[in-house]
Amino acid sequence: MAGDAPDDAAFRALLDQVARARGFACGNYKDGCLKRRVAVRMRARGVTEYGAYAALLARDPVEYDHLMDALTINVTRLYRDAAVWDLFAEMVLPTLWTLRGASRFTAWSAGCASGEELYTLAAILHQHATRTGTLRQLLHTSVIGTDIDPASLRAAERGEYSADACSELPVPLRDRYFGTKAPHRASAELRALVRVERRDLLLDEAPADALQLITCRNVLIYLDRDGQERILRRFHAALAPGGVLILGKVESLFGAARALFEVVDQRQRIFRRSADA
Ligand SMILES: C[S@@+](CC[C@H](N)C(=O)[O-])C[C@H]1O[C@@H](n2cnc3c(N)ncnc32)[C@H](O)[C@@H]1O
């Protein structure tokens with residue numbers, strides 16, 4: 001049975017098959033998490049053996065879409081965990097926006113799923129530029145969203161969200177940038193700031209260098225230590241001096257990665273690239 005792990009070799013063979021078919025290399029994901037997700041799909045299709053499920057995937061490739069959906073866990077919302085965004089907008093962004101020596105402002109939402117975090121960032125930046133009379137700086141600003149899941153990225157490109165997806169978004173921000181009625185469509189000025197790309201955080205380079213901001217929330221939690229450390233080192237290399245990293249609520253730095261960042265706010269998981277690391 002899936003979940004009891006009686007057949008590790010069959011499970012590994014299944015993951016290899018998924019990697020070959022969909023380019024999703026699962027080597028650094030926590031086993032328990034992967035097994036629970038595969039088990040959901042096996043139950044849905046009424047199979048109890050990994051081998052039988054692998055055969056089903058080969059026969060019915062549409063099942064790969066459902067499996068990818070289950071494996072990538074793309075739950076998200078606009079302004080998810082409101083306290084982080086409030087703190088970021090009030091205490092962190094003012095300094096970051098005027099960081100000396102930066103001619104461009106580039107932010108990266110790593111693991112952006114269907115784009116809610118991406119447009120949240122774009123809206124906060126636009127609001128800050130409006131309030132500080134620095135709208136011209138938006139001409140040199142980009143917010144790049146990357147994800148491994150092409151279906152999520154297509155949704156991010158559409159940028160249209162249900163009322164439920166907007167439930168944490170402050171109403172003035174929602175009305176100003178996403179319209180008063182559902183579906184809430186990201187405005188043209190946000191779209192002008194945003195672009196999305198398919199990238200695997202474990203394999204691919206950062207989409208730009210000298211970044212001012214990286215948000216990577218609710219992604220590292222699914223990975224083993226080695227995978228997390230590899231990605232955190234890549235983030236450190238991609239950030240400009242003084243650049244900021246925001247992780248998810250239950251994620252943190254550990255081991256060698258601690259030396260690469262200083263804590264700005266531990267509770268909200270906001271860190272700054274260490275100057276001397
Ligand atoms: C739970 S969502 C997080 C969305 C958003 N960051 C948030 O916190 O609301 C996790 C996302 O990470 C993506 N992901 C998982 N592994 C990835 C990888 N190796 N490279 C890029 N994206 C990945 C998934 O496809 C999924 O869309």
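Visitor: Which helix gives the largest share of the lining of the largest cavity?

Guide: Good place to start, keeping in mind that this is a predicted model. Helix H10, residues 225-238, gives the largest share of that lining, with 3 residues.

Visitor: How does the lining of the largest cavity divide by class?

Guide: There are 5 charged residues, 4 nonpolar and 1 polar in the lining of the largest cavity. The space inside is about 40 Å³, and the count of cavities of 30 Å³ or more comes to 3.

Visitor: What about the largest pocket: how much space lies in it, and which residues lie nearest its centre?

Guide: A pocket is open, whereas a cavity is a space the probe cannot get out of. The largest pocket here holds about 440 Å³. Its lining has 28 residues, and nearest the centre lie Thr-72, Gly-111, Asp-147, Asn-218 and Val-219. Two elements give two or more residues to this lining: helix H4 (62-72) and strand E2 (141-147). By class, the pocket lining has 14 nonpolar, 7 polar and 7 charged residues.

Visitor: H4 has come up, so let us turn to helix packing. At what angle do H1 and H4 pack?

Guide: Helix H1, residues 8-22, packs with H4 at about 105 degrees, and their axes are 12 Å apart. Angles of 65 to 115 degrees count as roughly perpendicular, so H1 and H4 are roughly perpendicular to each other. In this contact, Gln-17, Val-18, Ala-21 and Arg-22 of H1 meet Tyr-64, Asp-65, Leu-67, Met-68 and Leu-71 of H4. The classes there are 6 nonpolar, 1 polar and 2 charged residues.

Visitor: How far apart are the axes of H3 and H4?

Guide: The axes of helix H3 (residues 50-59) and H4 lie 6 Å apart, with an angle of about 120 degrees. H3 and H4 are therefore oblique to each other. Tyr-53, Leu-56 and Leu-57 come from H3, while Glu-63, Tyr-64 and Leu-67 come from H4. By class, that contact has 5 nonpolar residues, 1 charged and no polar. Tyr-64 and Leu-67 of H4 also take part in the contact with H1.

Visitor: Now for H5 and H6: is their crossing left-handed or right-handed?

Guide: Right-handed. The axes of H5 (residues 82-97) and H6 (residues 116-131) come within 11 Å and cross at roughly 60 degrees. That angle makes H5 oblique to H6. On the H5 side, Trp-85, Phe-88, Ala-89, Leu-93, Pro-94 and Trp-97 make the contact, and they meet Glu-117, Thr-120, Leu-121, Ile-124, Leu-125, His-128 and Ala-129 of H6. The H5 and H6 contact has 10 nonpolar, 2 polar and 1 charged residues.

Visitor: Let us finish with the backbone. Which two residues does a cis peptide bond join?

Guide: To read this one, look at omega: the bond between Ala-182 and Pro-183 is cis, with omega at about -5 degrees. Pro-183 sits in the loop between helix H8 (171-178) and strand E4 (184-185).

Visitor: And where is Tyr-79 found?

Guide: Tyr-79 is in the loop between H4 and H5. Here the angle to read is phi: for Tyr-79 phi is near 55 degrees, a positive value in a residue other than glycine.

Conventions. Residues are numbered from 1 along each chain as its sequence is written. This is a predicted model: local features need pLDDT of at least 70, side-chain atom pairs count only at pLDDT 80 or more; totals for chains, interfaces and linings use all residues. Side-chain values use heavy atoms; hydrogens and water are left out. Axes are lines fitted to C-alpha atoms, for helices over the stretch in contact, and angles run from 0 to 180 degrees between N-to-C directions. Helices (H or I, at least four residues) and strands (E, at least two) are DSSP runs, numbered from the N terminus. Angles under 35 degrees count as roughly parallel, over 145 as roughly antiparallel, 65 to 115 as roughly perpendicular and the rest as oblique. A crossing is left-handed if the near helix is turned anticlockwise from the far one by less than a right angle, and right-handed if clockwise. Contact means heavy atoms within 4.5 Å. Ala, Val, Leu, Ile, Met, Phe, Trp, Tyr, Cys and Pro count as nonpolar, Asp, Glu, Lys and Arg as charged, and the others, Gly among them, as polar. On a 1 Å grid over the protein atoms alone, a cavity is a set of points where a 1.4 Å probe fits but cannot get out, and a pocket is an open set with protein on both sides within 12 Å along at least five of seven lines; lining residues have an atom within 4 Å of a point. Grid points are joined across faces, edges and corners, and a volume is the space filled by probe spheres set on the points.
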